[in-house]
Every structure is written in C-alpha cells, then in structure tokens.
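Have a look at the sequence and the 3D view, then work through the points below.

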Amino acid sequence: MEAKKAAAELAVERSVQDGMIVGLGTGSTAYWAIQKLGELVRQGLRIQTVATSVASEELARSLGIPQLVTADITEIDVTIDGADEVDPQWNLMKGGGGALLREKIVACASRKLVIVVDEGKLVQQLGAFPLPVEIVKFGWELTLRKLRAMGCEPALRLAADGQPVVTDNGNYLLHCRFGAIAQPAELQAALQGTPGVVESGLFIGLAREVIVGYTGGKAVSLVRA
Ligand SMILES: O=C[C@H](O)[C@H](O)[C@H](O)COP(=O)(O)O
C-alpha cells in the first residue's frame, strides 16, 4: 500500500497545477492520487476532473472534487492512472479493474498520461497478466472463438456469483492468456480489427511518464529505456 500511495502522491505533486483539467484513473493505485487531489482541493486547489469509471467518479464526488461531463472537454491536461504491467518501452497492460475502455478514451484525450505503479508491475515483456479485452454481449461466444484462434486462451470474467461481469459500458470482459506478448502493437491492431472487440487493455505509446513506488515509501519517476 505504501508503494502505491507514494507513487500516486508524487505524480500529483509533479503533474497537477491550479486550473488544470485532470483525468482520474481507476484502481487501488489511482485511488491514492484521487485521495491526494481531494486533500489539495480542500486546501484550495482549483481543478476540474473527468473520471475513468463509475467507482472513481463516486470516490471523487465523496471527496468534493469538481467533475466535468465529457461534452464540456476538448483536452485533458494530465491523467494519472495505474497499470497491471509496464514494459521497458512503457507499453502497458491495463484493465485488471475492468475500466480499460473509459481509461483509454480519457488517456487518448490527455496531453500527458502519467502511470503510477508499484515495482511489482515492471516487466520485461507484457503477458504474465492475462490481457483484458472488452467485448460486446451480442455473439460473445463467437468473439471468444475468434480470439482463441489468434493464439490465446480466453475466459469470460465472472463475478463471485458466477454471472458474467458487466463493465460500466454494459459490455463483457474476456481475460486472454497469450503468454509473453512479443509484439504488443501488432496484437493491438489485430484485436482492433476483430468484430465484437470494443477495446483491449494494451496501451501502446500512450504513457508520457511512469512513476514507481517502492516498499518503504520511496517513489521515483522512471527514465525510459
Ligand atoms: O481497470 C483497471 C485499471 O486499468 C487499473 O488501473 C489497473 O488494473 C491497475 O490497478 P491497481 O492500481 O489496482 O493495481
């Protein structure tokens, strides 16, 4: 917890200034960035925000952080979000919390995407974590078979009650075990070309800064390989 908190707080300190529009990530690391922003807002920081999930939206509301609707935004100054895996080129695997679609929309509308992770998320190659892929409900079994034919073992994400998890956007999620992903950009392009796939958790070339937190509470901004 202290590693995630340290990374998130350093990201807020380094990236957020008065008057900015800030994208709020999702997950247990982004949680700490939202908490820090709430603290700064109470102290007088003036920002407006856009959340990447219903959970982050509700958290921000509970902390009194002002939020915008997307119709009122042309560009977001900075977004602070977590990741499940980060490779040396800063390609990301995201979506472990199921929020990948809104996260990618917000990331792509941001001048700067700052990724906050603990050191366990740094990998040489993406793929130990199963790739989350958001798919439409219609024909989901057909989409699953298409993805299986692309070389992975896909599984529908189920909730504790055994029912399929439904995302904030009303879709299903597949967890796709590709193993080590040697060419993430090519895989992303292939997934995007598959009918039924809404979006994947591969974020290629989007991160502008990666901040890593360590046990003991130290955090550093990474230098890209
Ligand atoms: O859908 C969830 C997001 O992509 C999260 O940012 C990602 O799963 C990392 O979450 P956490 O910080 O909880 O490990």
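Domain bounds here come from an automatic or database domain assignment. On that basis, the chain splits into domain 1 (2–122 + 204–216) and domain 2 (131–198). Keep in mind that you're looking at a predicted model.

**The whole chain**

- If you count up the secondary structure, you get six helices and 13 strands.
- The radius of gyration is 17 Å, close to the 17 Å that the globule rule gives for 225 residues, so the chain is as compact as a globular protein of that length.
- How much of the chain is buried? Of its 225 residues, 47% count as buried.
- Take the contacts between residues at least 6 apart in sequence: 76% of them join residues at least 24 apart.

- The centres of domain 1 and domain 2, taken over C-alpha atoms, are 24 Å apart.
- Domain 1 puts twelve residues into the contact, and domain 2 puts in twelve residues as well.
- On the side of domain 1 that touches domain 2, helix α4 (residues 100–108) gives the largest share, with three residues.
- Sorted by class, that side of domain 1 has six nonpolar residues, five polar and one charged.

**Around the ligand**

- Which residues come nearest to the ligand? Out of the 18 residues around it, they are Gly-27, Thr-29, Gly-82, Gly-96 and Gly-97.
- The shell around the ligand is made up of ten polar, four nonpolar and four charged residues.

**Strand β3 and its partners**

- Strand β3 (residues 76–81) is mostly covered, with five of its six residues buried.
- One partner of β3 is strand β1 (residues 21–24): the two run parallel and are joined by three bridges.
- Within that pairing, Leu-24 has Ile-80 of β3 as its bridge partner.
- β3 also pairs with strand β6 (residues 110–118), again in the parallel sense, over five bridges.
- Here, Thr-79 stands opposite Leu-113 in β6.
- A handy thing to know when you look at strands: in a regular one, the side chains alternate between the two faces of the sheet.

**Val-116, a residue in β6**

- Val-116 sits in strand β6.
- Is Val-116 buried or exposed? Val-116 is buried, because 31 other C-beta atoms lie within 10 Å.
- Val-116 and Gly-82 are 34 residues apart in sequence, yet 4.9 Å apart in space, C-alpha to C-alpha.
- Setting aside neighbours within four places in sequence, Val-116 has several contacts, including Ala-7, Ala-33, Ile-80 and Ile-211.
- Thr-29 and Gly-82 are also among the contacts of Val-116, and both belong to the residues that come nearest to the ligand.

- Three strands make an open sheet with antiparallel pairing, in the order β4-β5-β11.
- β4 and β11 (202–203) are at the edges with a single partner strand each, so one side of each has no neighbour in the sheet.
- β5 and β11 are paired in the antiparallel sense over two bridges.

- Trp-90 is in the loop between β4 (85–86) and β5 (92–93).
- Trp-90 is not a glycine, but its phi is positive, at about 65°.
- Most residues other than glycine have a negative phi.
- Trp-90 counts as buried because it has 20 C-beta neighbours inside 10 Å.
- Asp-84 belongs to the loop between β3 and β4.
- With 22 other C-beta atoms within 10 Å, Asp-84 is buried.
- Not counting residues up to four places away in sequence, Asp-84 touches Met-93, Lys-94, Gly-96, Lys-121 and Phe-129.
- Asp-84 and Gly-127 are 43 residues apart in sequence and 10.0 Å apart in space, C-alpha to C-alpha.
- Asp-72 lies in the loop between α3 (54–62) and β3.
- Asp-72 counts as exposed, because it has 9 C-beta neighbours inside 10 Å.
- From Asp-72 to Arg-102 is 30 residues in sequence and 16 Å in space, C-alpha to C-alpha.

Key. Residues are numbered from 1 along each chain as its sequence is written. This is a predicted model: local features need pLDDT of at least 70, side-chain atom pairs count only at pLDDT 80 or more; totals for chains, interfaces and linings use all residues. A residue is near a molecule or strand if its C-beta atom, placed from the backbone, lies within 6 Å of it. Ala, Val, Leu, Ile, Met, Phe, Trp, Tyr, Cys and Pro count as nonpolar, Asp, Glu, Lys and Arg as charged, and the others, Gly among them, as polar. Two residues are in contact if their C-beta atoms, placed from the backbone, lie within 7 Å. Helices (H or I, at least four residues) and strands (E, at least two) are DSSP runs, numbered from the N terminus. A residue is buried if 20 or more other C-beta atoms lie within 10 Å of its own, exposed if 12 or fewer, and partly exposed in between; C-beta atoms are placed from the backbone. Two strands pair if DSSP finds at least two bridges between them. The radius of gyration is taken over C-alpha atoms; the globule rule is 2.2 Å times the number of residues to the power 0.38.
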